[in-house]
Amino acid sequence: MRLPRRLRRWLGPWVAAAGIVAVPGCMPFLHRVDLPAVERVTACKVMPVCGRNHVYVFMIHGLDPFDWSNLAGVRDYLQALGFRKTYYGQLYHAGRYEAEIRRLHREDPEARFVVIGFSFGANVARYLANQARAEGIAIDLLVYLGGNTLKNEPRDQPDNAAKVVNILAAGAVWNGAWMDRAENIHETDVYHFGSASHPRTLEVLARELAVVAGNGVVEETTSLAPPLPNAAPVEVSPEWDFLKPTARLGGSR
């Protein structure tokens, strides 16, 4: 059915405006994430750099192609806290994430794993944790953001996850479940897409990542001996970008 010309002329500008706003990268302003406060950065950076460099954070988005939830902003926030090895991916990266967790577990004996999933990405986070369990790999922190279809059952809170955080938002249907083995948080002042960038979510992530970075780190004892004049500089952690395309045939590594 063809719309009347007058109605088409009226709708045209609105449709065009909606199309411009809805392109990827334009929606995160709805759920803004500011840079972390100085005191929060300081609290995380008191952990040794070596501890933070062995923390690998895997973030999995849900069915949110325009990033209304601003999960990319949450990634930037965590990197600003000093957790440089924080990676943000989509549902279709699950297989690559699984392979990377196995590789890191094999090659980095000090690796600590954090898996964060938003919306349907929480289901993928659960899958990754359970696959790691089958491989005998521990997950130091498993975070569900708006995992509305998860339930209070063992597979949703696997015993290889040292800590499970379950953050839910307000809503009338599919509001998620309270989990027995998780720290459950209900953010009643936002709806689903606001749970990832909520100030309390950011606070909890900063707190728990600091705990993960501190696990297994032995405090250095003070010594009266002066430092060696030719001591090697602290090694800077290389970029962790395992999904980045390469020039090799095949397109990616």
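Mentor: A crossing of two helices is right-handed if the near helix is turned clockwise from the far one by less than a right angle, and left-handed if anticlockwise. The model here is predicted, so that local features need pLDDT of at least 70 and side-chain atom pairs count only at pLDDT 80 or more, while totals for chains, interfaces and linings use all residues. Residues are numbered from 1 along each chain as its sequence is written, and side-chain values use heavy atoms, leaving out hydrogens and water.

Trainee: Which hand does the crossing of helix 4 and helix 7 have?

Mentor: The crossing of helix 4 and helix 7 is right-handed.

Trainee: Why is helix 4 called oblique to helix 7?

Mentor: Their axes, which are lines fitted to C-alpha atoms over the stretch in contact, come within 11 Å and cross at roughly 40 degrees. Angles under 35 degrees count as roughly parallel, 65 to 115 as roughly perpendicular, over 145 as roughly antiparallel and the rest as oblique, and therefore helix 4 is oblique to helix 7.

Trainee: Which residues make the contact?

Mentor: Val-74, Tyr-77 and Leu-78 of helix 4 meet Leu-202, Leu-205 and Leu-209 of helix 7, with contact meaning heavy atoms within 4.5 Å. The residues of this contact divide into six nonpolar, no polar and no charged.

Trainee: What makes up the largest nonpolar core?

Mentor: Such a core joins buried nonpolar residues through side-chain atoms within 4.5 Å, buried being under 20% relative accessible area. The largest has 28 residues, and Leu-78 is one of those that touch the most other members. Strand 1 (55-60) and helix 4 (71-80) are among the elements giving two or more residues, and helix 7 gives the most, with seven.

Conventions:
Buried < 20%, exposed > 50% of the residue type's maximum accessible area, 1.4 Å probe, protein only. Helix = DSSP H or I, 4+ residues; strand = E, 2+ residues; numbered from the N terminus. Axes fitted to C-alpha atoms, helices over the stretch in contact; angles between N-to-C directions. Nonpolar A, V, L, I, M, F, W, Y, C, P; charged D, E, K, R; others polar.
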